[in-house]
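User: I have a structure open and would like to go through some of its parts with you. Can we start with a helix?

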Amino acid sequence: MGGERRVCRGHAAYRGRRRGAPHRRRRDTGRRRREGWRVPDLWRGKRCGTSHFVPGVPGLPGHRAASFGATRDRGPVGRPGRGTRGDAARHRRAGARGEPAPGRGKRAVERLAGTPSAGGGHRGERGARAVSLAIGIDIGGTKVAGGLVRTDGSVVGRARRDTPHRSTSPNVVEDTIVEVVTELLAVADAAGDDVVAVGIGAAGFVARDRATVVFAPHLSWRDEPLRDNLQRRVRVPIAVDNDANAAVWAEWRFGAARGESNVVMVNLGTGIGGALMLDGKVVRGAFGIAGEFGHMQVVPGGQRCECGNKGCWEQYASGNALVREARSLMVAGSPLATDLLARAGGDPMALTGPMISDAARDGDPTATELFTEIGHWLGVGMANLAAALDPGLFVIGGGVSAAGDLLLDPARTMFRRTLTGRGYRPEARIVAASLGNDAGLIGAADLARGIREGDA
Ligand SMILES: [Zn+2]
């Protein structure tokens, strides 16, 4: 995976030398010659013709395995200084399956599994070390969803609770998380599997230390030392991250953003959440709050936003915007809203986003027009983001993205119309997310596993 046929830059450099004086390394053989390429991390393969198969490009999941952890010897799983029983069991089981024991570093993995460095599984997700699970927890406004996640991103067990109301104490939320984790640990234990990390994806501002929730709009957390509070109650190492950061990581590792290392994710729900990945790394900002794209001002003096400002992007390109506009038509008594009003049982306040999606799919021109309108605003905002960040790909997630091309086609049109330097620059692609509601928990689990392994 991740490979493509192209002329290799190493080869081009080599040919460049041949036009001048022959490079002294031309006659070298073996490993030293390969390491002498001007771009050794792009290609470590054999002499090629005009093109060859590049097993990955820098920043791709498949390629990072080439240098990741090659000499690192990983310590025991679990809390520092602990892990004797779990480790012993893990090594026994790994041995029984003929797999390399965890905690021995990638070199040992490669030797035992016979996999090449480049193009092999990043952290072994192609099967070499698919023996450990991580728990991912996605804390949203309505539910706490948990899953047992394998190294290939598949979810093999689930648990779920309602999110405690924000008026309850932070302890109640922590109790809920611990309940979900405990339930999943029991599932893993019953199957004889090990859990190496727990990742928490929370809707809110998570500080750069990935331990503290600075602010969560749906919960009572304010400067909450969430990781440490949970770590006192759960033996497995815990990491906390923003839910959109977790989602972009999941889409990059396992979903719609595979193969592109510069990604902007825009999650359209009731508001707009977002996350940013540059050069294969999640960008969190100086304070951990990067990616709050929904509150960029796109209309000076426009609609009031709950953040306190006016004219924020999410007031024009979110589920709330969609429903607000539809309701305003209904309340105005417009005949254009007849179909929508019928779907809402005659009550504008009963109208929901999915009702509008259904109407648009059934061909209601008003619903289609509403999607076109928020799609246009989506395109305008993305063009602004492209001017600042120059991503190769926009991934559109969240509930509203289920509308698919009803939303994305007008977004692409307006993006092209407003992109800085249009006609003179490559255009980022705009695609729908592919992991749906699981992105947050899959990403949280995989990020937490990566922290343990020093790679996220
Ligand atoms: Zn705002």
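Analyst: Take helix α9, residues 319-331. At 1.5 Å a residue, its 13 residues should span 18 Å, and its end C-alpha atoms are 18 Å apart, so the two values agree. Keep in mind that this is a predicted model.

User: Which residues of α9 are buried?

Analyst: The buried ones are Gly319, Asn320, Ala321, Leu322, Val323, Ala326 and Met330.

User: And what covers them?

Analyst: The cover over the buried residues of α9 includes β11 (263-268), α10 (338-343), α11 and α12.

User: What follows α9?

Analyst: Gly333 follows it, with a positive phi near 75°.

User: You mentioned α11 and α12. How do their axes cross?

Analyst: Helix α11 (residues 353-361) and helix α12 (residues 365-389) have axes that come within 7 Å and cross at roughly 115°. That makes α11 roughly perpendicular to α12. The crossing in which α11 passes α12 is left-handed.

User: Which residues make that contact?

Analyst: From α11 there are Ile356, Ala359 and Ala360, and from α12 there are Ala367, Thr368, Leu370 and Phe371. Sorted by type, the residues of this contact are six nonpolar, one polar and no charged.

User: What about α12 and α13, at what angle do they pack?

Analyst: α12 and helix α13 (residues 405-418) pack at about 40°, with axes 7 Å apart. The two helices are therefore oblique to each other. Here α12 passes α13 in a right-handed crossing.

User: Which residues meet there?

Analyst: On the α12 side they include Thr368, Phe371, Ile374, Leu378 and Met382. On the α13 side they include Leu407, Asp409, Ala411, Met414 and Phe415. The residues of the α12 contact with α13 divide into 13 nonpolar, seven polar and two charged.

User: Asp409 is in that list. Is it buried, exposed or partly exposed?

Analyst: Asp409, which sits in helix α13, counts as partly exposed because it has 15 C-beta neighbours inside 10 Å. A residue needs 20 or more to be called buried. Asp409 and Ile430 are 21 residues apart in sequence, and their C-alpha atoms are 9.2 Å apart in space.

User: Switching topic. How long is α6, end to end?

Analyst: Helix α6 covers residues 170-190, and its end C-alpha atoms are 30 Å apart.

User: Which of its residues are buried?

Analyst: In α6 they are Val173, Thr176, Ile177, Val180, Val181, Leu184 and Leu185.

User: What rule?

Analyst: An α-helix has 3.6 residues a turn, so residues three or four places apart point the same way.

User: What do the buried residues of α6 pack against?

Analyst: They pack against the strands β3 (132-139), β4 (143-149), β5 (155-162) and β6 (194-202), and against helix α7 (226-231). After α6 comes Gly192, with a positive phi near 75°.

User: Where is there a positive phi in a residue other than glycine?

Analyst: Arg210 has one, near 55°. Asp279 has one too, of about 50°. As a general point, most residues other than glycine have a negative phi.

User: Where do those two sit, and are they buried or exposed?

Analyst: Arg210 is in the loop between β7 (205-206) and β8, and it counts as buried because it has 22 C-beta neighbours inside 10 Å. Asp279 is in the loop between β12 (272-278) and β13 (281-282). With 9 C-beta neighbours inside 10 Å, Asp279 counts as exposed.

User: One more loop residue, Ala216. Where is it?

Analyst: Ala216 lies in the loop between β8 (213-215) and β9 (222-224). It counts as buried because it has 23 C-beta neighbours inside 10 Å. Leaving aside neighbours within four places in sequence, Ala216 is in contact with Ala202, Ala203, Gly204 and Trp221. Asn242 is 26 residues from Ala216 in sequence, with 9.9 Å between their C-alpha atoms.

User: Last, the whole protein. How many helices and strands does it have, and what share of residues is buried?

Analyst: The protein has 14 helices and 15 strands. Of its 456 residues, 44% are buried. Among contacts with a separation of 6 or more, 65% are between residues 24 or more positions apart.

Note on methods:
Residues are numbered from 1 along each chain as its sequence is written. This is a predicted model: local features need pLDDT of at least 70, side-chain atom pairs count only at pLDDT 80 or more; totals for chains, interfaces and linings use all residues. Axes are lines fitted to C-alpha atoms, for helices over the stretch in contact, and angles run from 0 to 180 degrees between N-to-C directions. Helices (H or I, at least four residues) and strands (E, at least two) are DSSP runs, numbered from the N terminus. Angles under 35 degrees count as roughly parallel, over 145 as roughly antiparallel, 65 to 115 as roughly perpendicular and the rest as oblique. A crossing is left-handed if the near helix is turned anticlockwise from the far one by less than a right angle, and right-handed if clockwise. Two residues are in contact if their C-beta atoms, placed from the backbone, lie within 7 Å. Ala, Val, Leu, Ile, Met, Phe, Trp, Tyr, Cys and Pro count as nonpolar, Asp, Glu, Lys and Arg as charged, and the others, Gly among them, as polar. A residue is buried if 20 or more other C-beta atoms lie within 10 Å of its own, exposed if 12 or fewer, and partly exposed in between; C-beta atoms are placed from the backbone. The expected span of a helix is 1.5 Å times one less than its number of residues.
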